[in-house]
Amino acid sequence: MSTIYILWLRELKRYSRSRVQMIASLGQPVLYLLALGFGFGPVFARAGNGSYLQFMAPGVVGMSILFMCVFSGISILWDRQFGFLKETLVAPVPRMQIMLGRTLGSATVATFQGILVFIICLAAGLRPHNWMLALPQAFVFMAMVAITFAALGTAFGSVIKDMQGFPIVMNFMVMPMFFLSGALYPLSHLPSVLTVITRLDPLTYGIDGLRGSLTGVWHFSFALDVAVMAFIAAAFLSLGAYFFSKIQI
Amino acid sequence: MIRVENLVKTFGDFTAVRGISFDVQQGEIFAFLGPNGAGKTTTIKMLTTLLKPTSGTIELDGLDPMQKQKEARQRFGIVFQDPSLDNEQTAYENMELHGVLYHVPRKVRAERIENLLKLFELWERRDDYVKQFSGGMKRRLEIARGFLHTPKILFLDEPTLGLDPQSRNQLWTHVKRLNETENTTVFLTTHYMDEADRVAHRIAIVDHGQLIAQGTSAELQERTNSDSLEGAFLALTGDSIRDESASSADNMRQVARMWRR
Ligand SMILES: Nc1ncnc2c1ncn2[C@@H]1O[C@H](COP(=O)(O)OP(=O)(O)OP(=O)(O)O)[C@@H](O)[C@H]1O
Ligand SMILES: [Mg+2]
């Protein structure tokens, strides 16, 4: 337990000590929110779909969590480069605990980041349909998305050995996962190929959960989203733990 | 305590360790010497579960470190050749983290951290971030950290690299004391022959991944007809400088690996 705790704490310290990074990582969601949210607003409204900002804000919250998780996972690479990773890998504790501490730390930080972005969305005009219900439900989904993708980030960080691998992960895994998740457009009436792909994307269920919680409009349902996310979280945690246990220096 | 037989490690088509065998008894201080690139660090990495051997067997206190990783890790402590500190945390936090990972009870931990940081003259700087430390201070912190728990086997990979004479002296005095009072087995590498001569009970010399001689300092000197360990070392390993061309080849290999993936 203390192993998990001390590594969890390390992630939190790292986050809270670098204000610059905290602010920098808010830049992207804000840009999406302003440029796309207000930019596509008129078209979206004319198509009879209501407020685009309302629609895409949950997607932006999900995005910020996803990216934060992947960046945290990639910090394994920095720890490898600066040598600290060795120190944890030779310690007489199960690597599983080290992986869990790191991953839960990333997830906590990412959830916090998601909450910050959520607050920014509120300032930009997002209005939850029912505060009492929306907040706890949205929090559940934020945490689930965070844990799922923090675990995936750990898996990536364990497998790739140097920074050159990072763009591959970003361009071929993370960006597609974001763009194919329905974060930016509705999932109904898509071409059938895209429908299949979006349903295979784990982020889809997290975004739908967030959107459903906050705006009351679900593509799937609360139960389905929770079930799928829980399953994927478990799968990715196992995957992350497996790859982490195989790291060689 | 440490038993190695026919240990081999290859990286791609390069063989870094080619069939090394040796035995280290409990309570022995064993120096593992060799020119740059001889395969010392690679051997230590295999002994400490960081690398999987290509072939050969290892026993640490009767355990195979690849089969019983956690049990093996409980038996050793290590000071790495390369940096392994967390730069974004303070000196004290680094020590604390290590203490937690190695299950040093809280009270003992606080006490030992204070003693060790004082011993290596870092106590005043305990709340500074490691990234603000000089190279030698970082090195001292790594060593202080290595002594925080008391393992059965201590691996020291060029521990004195970049240290001033005072700190070196502290280090070896401490190592000898641990060896005498706790019967700690010590496996060390260094490029300073006088240090090996001073502390090691037995010395092995490796070159190009092969073990070419082992024995006490006196035995090695006698075998080579030299009057110092340094002389014996040079006689055994020749006096040409080892080209580290491997590093550029490494880079090429890494790029190649990227493309293959
Ligand atoms: N991960 C790796 N990939 C490819 N080659 C490697 C790797 N690690 C080490 N080598 C090569 O293995 C050889 C032995 O390296 P090692 O670090 O064990 O040497 P060493 O004896 O510790 O030398 P030094 O005194 O310089 O520390 C070197 O030629 C090195 O380039
Ligand atoms: Mg070395």
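B:Asp61 is found in the loop of chain B that runs between strand β4 (55-60) and helix α2 (69-75), where helices (H or I, at least four residues) and strands (E, at least two) are DSSP runs numbered from the N terminus. The structure is a predicted model, in which local features need pLDDT of at least 70, side-chain atom pairs count only at pLDDT 80 or more, and totals for chains, interfaces and linings use all residues. Residues are numbered from 1 along each chain as its sequence is written, chains are lettered from A and ligands numbered from 1 in the order in which they are written, and side-chain values use heavy atoms, with hydrogens and water left out.

Although B:Asp61 is not a glycine, its phi is positive, at about 50 degrees. With a relative accessible area of 26%, B:Asp61 is partly exposed; here buried means under 20% relative accessible area, exposed over 50%, and partly exposed in between (1.4 Å probe, protein chains only). A positive phi, near 45 degrees, also occurs at B:Glu158, a residue other than glycine. B:Glu158 lies in the loop between β6 (153-157) and α6 (165-181) of chain B, and it counts as buried at 7% relative accessibility.

B:Gln81 is partly exposed, its relative accessible area being 24%.

In strand β7 (residues 185-189) of chain B, B:Val186 is buried, with a relative accessible area of 1%. Leaving aside neighbours within four places in sequence, B:Val186 is in contact with B:Glu28, B:Ile29, B:Phe30, B:Leu154, B:Leu156 and B:Val175, contact meaning heavy atoms within 4.5 Å. The C-alpha atoms of B:Val186 and B:Val175, eleven residues apart along the chain, are separated by 8.0 Å.

In chain A, A:Gly83 is placed in the loop between α4 (52-82) and α5 (84-89), and at 2% relative accessibility this glycine counts as buried. Apart from its neighbours within four places in sequence, A:Gly83 is in contact with B:Pro83 and B:Ser84. A distance of 16 Å separates the C-alpha atoms of A:Gly83 and A:Phe244, which are 161 residues apart along the chain.

Taken as a whole, chain B has a secondary structure of ten helices and nine strands. Its radius of gyration is 19 Å, close to the 18 Å that the globule rule gives for 261 residues, so chain B is as compact as a globular protein of that length; the radius is taken over C-alpha atoms, and the rule is 2.2 Å times the number of residues to the power 0.38. The C-alpha atoms fill a box of roughly 55 × 45 × 35 Å along the principal axes, and 50% of the 261 residues of chain B count as buried. Of the contacts in chain B with a separation of 6 or more, 66% are accounted for by residues 24 or more positions apart.
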